[in-house]
Amino acid sequence: MSFDPTFARTVMLPFVRAAYAVTADPTHAPQLPDGFTQTALLEADMSLVTELLASLGDKAAPVRAMTAGGTVFGLMGQSKAAQTAFVAFRGTLGLEGWLADFDATAQPYLPLPKFGDVHVGFQAV
């Protein structure tokens with residue numbers, strides 16, 4: 001599949017903007033592409049985040065960065081007409097987040113054995 005600039009501008013960019021919008025204000029109804037509706041927010045379980053931070057010690061920067069703006073970091077939804085679902089994560093926030101993103105070592109996803117490898121920041125998601 002080749003890059004489609006129209007799809008990127010009219011579908012993907014609104015998803016990214018929506019993810020940032022709900023991160024800043026989870027009560028905000030984000031503007032989504034035509035035909036798409038939000039079904040849920042992506043929210044970190046703070047009890048798991050607390051445990052993860054304690055276990056990671058000096059390697060906890062990605063998790064701290066991911067939850068620095070609050071517990072909501074994206075949204076998911078669907079277009080029933082297009083039979084399409086989406087998951088939109090907000091991107092990096094602030095200098096600490098950018099620095100933490102440079103450490104992208106993957107590790108097994110702890111909540112689901114044999115699921116695959118993820119960045120450490122996804123362990124609490």
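Figure 1. G74 stands opposite F89 in β3. Strand β2 covers residues 72-79 and is paired with β3 in the antiparallel sense over six bridges; two strands count as paired if DSSP finds at least two bridges between them. Helices (H or I, at least four residues) and strands (E, at least two) are DSSP runs, numbered from the N terminus. β1 also pairs with β2 in the antiparallel sense, over six bridges, and here L41 is opposite L75 in β2. Six of the eight residues of β2 are buried, so β2 is largely enclosed by the rest of the structure. Buried means under 20% relative accessible area, exposed over 50%, and partly exposed in between (1.4 Å probe, protein chains only). In a regular strand the side chains alternate between the two faces of the sheet. Because this is a predicted model, local features need pLDDT of at least 70 and side-chain atom pairs count only at pLDDT 80 or more, while totals for chains, interfaces and linings use all residues. Residues are numbered from 1 along each chain as its sequence is written, and side-chain values use heavy atoms, with hydrogens and water left out.

Figure 2. The hairpin of β2 and β3 has four residues between the strands. With 75% relative accessibility, Q83 counts as exposed. K114 is placed in the loop between β4 (106-108) and β5 (117-119). Most residues other than glycine have a negative phi.

Figure 3. After α2 comes G57, with a positive phi near 55°.

**Figure 4. The surroundings of R90.** R90 is in the loop between β3 and α4. The relative accessible area of R90 is 11%, so R90 is buried. Leaving out residues up to four places away in sequence, R90 touches A19, Y20, T23, A65, M66, T67, F73 and G74. G74, one of these contacts, is the residue shown opposite F89 in Figure 1.

**Figure 5. A nonpolar surface patch of L13, V16, Y20 and L93.** Together, L13, V16, Y20 and L93 have about 280 Å² of accessible area. Accessible areas come from the Shrake-Rupley method with a 1.4 Å probe, and for residues only the protein chains shown count as cover. Patches are made of residues with over 30% relative accessible area and no salt bridge; like charges are joined within 9 Å, and nonpolar side chains (Val, Leu, Ile, Met, Phe, Trp, Tyr) within 5 Å. A salt bridge is a side-chain nitrogen of Lys or Arg within 4 Å of a carboxyl oxygen of Asp or Glu. V16 lies in helix α1 and, at 37% relative accessibility, is partly exposed. V16 and A88 are 72 residues apart in sequence, and their C-alpha atoms are 6.2 Å apart. L93 is placed in the loop between β3 (84-89) and α4 (94-101), and counts as partly exposed at 34% relative accessibility.

**Figure 6. H28 and its contacts A21 and V22.** H28 is found in the loop between α1 (5-24) and β1 (37-43). With a relative accessible area of 36%, H28 is partly exposed. Not counting residues up to four places away in sequence, H28 touches A21 and V22. H28 and A18 are ten residues apart in sequence, and 9.1 Å separates them in space, C-alpha to C-alpha.

Terms used: Contact means heavy atoms within 4.5 Å.
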